[in-house]
Amino acid sequence: MCVCIKPKAWKIVDSQSLERHQWCTQQWFEGPETSNLRTSRKMRSYNLGWLLLVAILLPYSQASWGNENKIKTAVFLSPKFVLGPGSVENRFYYNIDFPKGHIALKSFDAEVIDEAGNPIPLHETYLHHWVVGRYFIRKGVEISEFNDIRKLNRSDYISGRNSGICQNIGQFFGLGSETRKTETHIPDPYAIEVGNPAEIPSGFEERWMLNVHAIDTRGVEDKLGCTECRCDLYNVTEDEYGRPLRPDYKGGLLCCYDHTQCRVKQGFEGIRRALYLRYIVKWVDMDSSVVPVKIYIFDITDGWKRSANSTGAMSEHSCKVEYEIESCLATGLADDGCIDTKRISLDMPFGGYVIYGVAHQHSGGSGSALYRENGQLLCSSVPTYGDGEEAGNEAGYIVGMSTCYPKPGTVKISEGETLVLESNYSSIRHHTGVMGLFYILVAEQLPNPMLTLHTAAQIEDGTILLTILWVAVALVGLVTVIAVAISYRLKRETEDGYEAIVM
C-alpha cells in the first residue's frame, strides 16, 4: 500500500523514492485508469525515439560492414615439385585451382611448404618469384605445361594479361622472397574484377596460370650467388633453348632455368624433398558495391623513350625485367655512399586514382618510389630484412616490402602525365639478376561518399575511426530519444497541473 501526500511536500532522497512517489502521484491525481493511459503514451513516445535511433544507425551499419562480411577464402596447393641441394624449379603450371565465377579478388598470398605443411625458410629453398596470370583457352582445348602453348594454334589461346605497361609482364599477382610479410589486401570497396562473362571471348573459358621459380640452396658454395643466378656457379653458357649467352652476361634468369644445378660444397649430401606453393585467395561476389581497379606494373629497365610519335602503348615498352649492379669499389664511386640509383621517366597511357602500390626487389635492395615529374612523392616501398632463422625472418633476406595505401582520391594520375620511377640498391658488392618492378592498382572512378569514408577509415585506422563514428551517431540518436521523452513529459505535466520533481 502506498500512502501519498501533496507533491510539494515530498522530500526525495534516492531514485527508488522518486519512482515510488511518481507512481503514487499518478494514483493521487489521476487514478489507475488515467495513470495507465499516461504510461501507454510514454511508451509510444519512447518507442518512436528508438525507431528513430535505429533508422539513424542502420545505414552506417551497412556501410561499415560493406563487403568485409561477404569475403570468401580458399586455400590451394600448386602441383608438387621436388628439389635436392642446389637444384632449380622454374615451371609454368596451367589450369591451376582458382575461384570460379564473376568475382572480385581481394588478396593473393603464397609461400613454399613441405608435404607436412611446414613453411620452408629461404635459406633452404629460396623463392626467387611466383607469378599468377590469366588466360583464355578455347573450350575443349587443354594445356598443362608451358611448352604446350607452342604446339597450340594461336587462335586457341588468348592472354588475359594486366592493363600494362610492359608488354612482356602480364601477371595479376607476383612476389618473391618478400611474400610472407608483404600486404596484398585491396581495401573496400575496391577489388580486381575477373570472370566477367562480357569480357570472356565467345567460345573460350577463363583459366589461370602459376609460375614458380625456387632454388634449393642447402649445402651450396655461395647462397647469395646461387639466388642471384650467377652463371659461373651454374656452369651455364647457353640459355634453356640452346642459344649462346652474351659474353658480358654474368648472371640472371638465363642461367637458373628449370632443372639447372648450382654448385654444392664437395661432400655435402642432402635428401630430395617434395614441396608445394600454398596460395590463399580471398574474394567477394561481384556486384554494384565493388569499385574495380586495374593492375599496372612498371619496370626500372623499361627502354621506353619519348618521341614525337610515341603514344605510351605497351608495344613501345621494352622491359628487360632484370639488371646488373657493379660494385662501387670496382667503379670508384664509393663516395656516393655505395648506393646504386636508377631513374626512368614514363608517360602514363591511363588515368585514375592510385589505391595500392608495392615494389619488388632482390637482396641488396634499399627501396623504390614513384614520383611526379615535379618531385612530389606518390608512393614508396622499402624492404624489411630478416634477422633470424625461422621462416619469415631469415637473416640477410628481404622478407617483406612495405606497401602504400593512399587516402582515396588523394593520388590521381592524369592520362599523359609523366611519372618518375626510382630503384635503389646497395652497391657495396656486385649483384646480378636484380629487379626493380613497381605494382600499382588504379581505380578509374571513386565510390560514393559513404563508401569513401569507410575506405579511408579502413586504411588509416579502421577500429578507431569507425568507433568514433558509431559513438557520435549513437549519441545523436540518444539525445534525440531523450529530447522527445522529456518534451512529451513536460508537456503532459503542465497540462495535468502538478509540478515536476527536481532532484
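These entries cover aromatic ring pairs in a predicted model.

Entry 1, ground rules. I worked on a predicted model, where local features need pLDDT of at least 70 and side-chain atom pairs count only at pLDDT 80 or more, while totals for chains, interfaces and linings use all residues. Residues are numbered from 1 along each chain as its sequence is written, and side-chain values use heavy atoms, with hydrogens and water left out.

I looked up aromatic pairs and found 13. Rings of Phe, Tyr and Trp (its six-membered ring) pair if their centres lie within 6.5 Å; planes under 30 degrees apart are stacked, over 60 edge-to-face, and the rest tilted.

Phe76 sits in strand β1 (residues 72-77) and Tyr279 in strand β10 (residues 273-285), so the pair ties together parts 203 residues apart in sequence. Strands here are DSSP runs of E, at least two residues, numbered from the N terminus. Phe76 is buried at 16% relative accessible area, and Tyr279 is buried at 1%. Buried means under 20% relative accessible area (1.4 Å probe, protein chains only).

The ring centres of Tyr296 and Phe350 lie 3.6 Å apart with planes at 15°, so I logged the pair as stacked. Tyr296 is in strand β11 (residues 291-299) and Phe350 in the loop between β13 (339-347) and β14 (352-360), 54 residues apart. Tyr296 is buried at 6% relative accessibility; Phe350 is buried, with a relative accessible area of 6%.

I traced ring pairs linking Phe76, Phe98, Phe108, Trp130, Phe172, Phe173, Trp208 and Tyr279 into a cluster.

Conventions. Helices (H or I, at least four residues) and strands (E, at least two) are DSSP runs, numbered from the N terminus. Buried means under 20% relative accessible area, exposed over 50%, partly exposed in between (1.4 Å probe, protein chains only).
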